[in-house]
Amino acid sequence: AGSADESATASRAALRLPRPASPAPAVPAGAQLDVPGIGPFTTPNRDFFRVDTALVVPGVDADGWRLRIHGTGVRRELSLTLPELMSRTVVERDITLACVSNEVGGDLVGNARWLGVRLADLLREAGVRPPSEGGPADQLVARSVDGMTIGTPVEDVMDGRDALLAFGMNGEPLPLDHGFPVRMIVPGLYGYVSACKWIESIELTTFDAYDAYWVPRGWAARAPVKTQSRIDTPRALARPRAGTVMIAGVAWAPHRGIARVEVRVDDGPWEVARLGAEDSQDTWRQWVYPWRAAPGRHTLTVRATDGTGATQPEARTDTMPDGATGRHSVVVTVEES
Ligand SMILES: Nc1nc2c(c(=O)[nH]1)N[C@H]1C(S)=C(S)[C@@H](COP(=O)(O)O)O[C@H]1N2
Ligand SMILES: [Mo]
């Protein structure tokens, strides 16, 4: 008898992804800046960060998989196979996913092209109304085959954003370690309150009635992604030569978008960086600032302003309970040229 992993791998290899009724527009050419040391705009699956509690990656056979939608305010329970899910209206979207455990300057963030079905469509099909329309449930609890529970505001997934039940990632079926066969992805919310991998059910309930897995462990029940920006080049402790040095990196405020990125050298003025073209307000943005670097030791600091006009605060806070704040900086020593 084959292992769970073998049957999962075999069912993944046999899976044919549907074509999206609503494809993602091509990534604009200017989204990817041509600066050495800056990563790809779309994170390849093999490089996409992985965060979960699974000691062994769950091997789910797509052929036996079902998703159940039930709970408070559900008028018609749904129980869907994968072909049934794929027969709904399929959309494709670029969405940046961030982990609440990401420290300032950290790399627990990635951007991918997801293929799936809008969760709001399925909730409507089940007769669910959001709280703003008088619905009784304000929390949706996603459960995975390995017992994880993830709580998401019903209002957020039904407010028009592209909250997805995704089965495709960058043109392939979801990799096993990113949640095969199906996971959730919600623009603007940290993974632990939105991105349930290996999902098997969605229960409509309330925040009062139920605490999802991470909540009794000290993490906030509601957690929109905080605006962050990161310097990818030069690296900390680099020794660039005097002259023009490209300071560059990435900034994200998923679902609000990035309006501005500024860079400061030592205690100098904030200088406006050039932004890569915006793909969507749900994706990160690359940025670059050409710096006339003079010899000596310098501290480089970055800050971003999101689409609502809010600038990243200077105060550093811990990742717990709802995501780190503060500005990334690196110290470099510029050598005589
Ligand atoms: N089943 C399950 N889903 C999960 C988790 C988990 O531990 N188990 N971790 C969540 C967290 S904290 C994050 S940040 C994202 C990470 O998704 P990725 O591993 O595909 O990057 O998955 C979320 N979904
Ligand atoms: Mo996370």
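Let me start at the ligand. An oxygen atom of ligand 1 sits 2.7 Å from an N or O atom in the side chain of His178. Taken alone, ligand 1 exposes 530 Å², and the protein buries 98% of that. Keep in mind that this is a predicted model.

Two further contacts to ligand 1 come from the backbone. A backbone N or O atom of Thr53 lies 2.9 Å from an oxygen atom of the ligand. For Val51, a backbone N or O atom is 3.0 Å from an oxygen atom of ligand 1.

Which residues come nearest to ligand 1? There are 20 residues around it, and the nearest are Phe49, Thr53, His178, Arg183 and Lys197. As for the make-up of that shell, 11 residues are nonpolar, four are polar and five are charged.

Next, strand E7, which covers residues 164–169. Is this strand mostly covered or mostly open? It is mostly covered, since six of its six residues are buried.

E7 has several pairing partners. Strand E4, residues 109–118, runs antiparallel to E7, and five bridges join the two. Within that pairing, Trp114 stands opposite Met169 of E7.

Strand E9, residues 183–185, also pairs with E7 in the antiparallel sense, here over three bridges. Leu164 has Ile185 in E9 as its bridge partner.

Then there is strand E8, residues 172–173. It is antiparallel to E7, with two bridges between them. Met169 comes up again here: its bridge partner in E8 is Glu172. E7 and E8 form a hairpin with two residues between the strands, and in this hairpin Asn170 takes a positive phi near 55 degrees.

Last topic, the cysteines. A disulfide is a covalent bond between the sulfur atoms of two cysteines. How many disulfides does a search of the whole structure find? It finds zero. Cys196 is in no disulfide, and the nearest cysteine sulfur, that of Cys99, is 14 Å away. For a disulfide, the two sulfur atoms would have to be within 2.5 Å.

Are these two cysteines buried or exposed? Cys196 has a relative accessible area of 0%, so it is buried. Cys99 is at 11% relative accessibility; buried means under 20%, so Cys99 counts as buried too.

To recap: ligand 1 has 98% of its area buried by the protein, E7 pairs with E4, with E9 and with E8, and the structure has zero disulfides.

How values were computed. Residues are numbered from 1 along each chain as its sequence is written. Chains are lettered from A and ligands numbered from 1 in the order in which they are written. This is a predicted model: local features need pLDDT of at least 70, side-chain atom pairs count only at pLDDT 80 or more; totals for chains, interfaces and linings use all residues. Side-chain values use heavy atoms; hydrogens and water are left out. Buried means under 20% relative accessible area, exposed over 50%, partly exposed in between (1.4 Å probe, protein chains only). Helices (H or I, at least four residues) and strands (E, at least two) are DSSP runs, numbered from the N terminus. Two strands pair if DSSP finds at least two bridges between them. A residue is near a molecule or strand if one of its heavy atoms lies within 4 Å of it. A polar contact is a pair of N or O atoms within 3.5 Å; within protein, one must be able to donate a hydrogen and the other to accept it, and residues adjacent in sequence count only if both atoms are side-chain atoms. Accessible areas come from the Shrake-Rupley method with a 1.4 Å probe; for residues, only the protein chains shown count as cover. Ala, Val, Leu, Ile, Met, Phe, Trp, Tyr, Cys and Pro count as nonpolar, Asp, Glu, Lys and Arg as charged, and the others, Gly among them, as polar.
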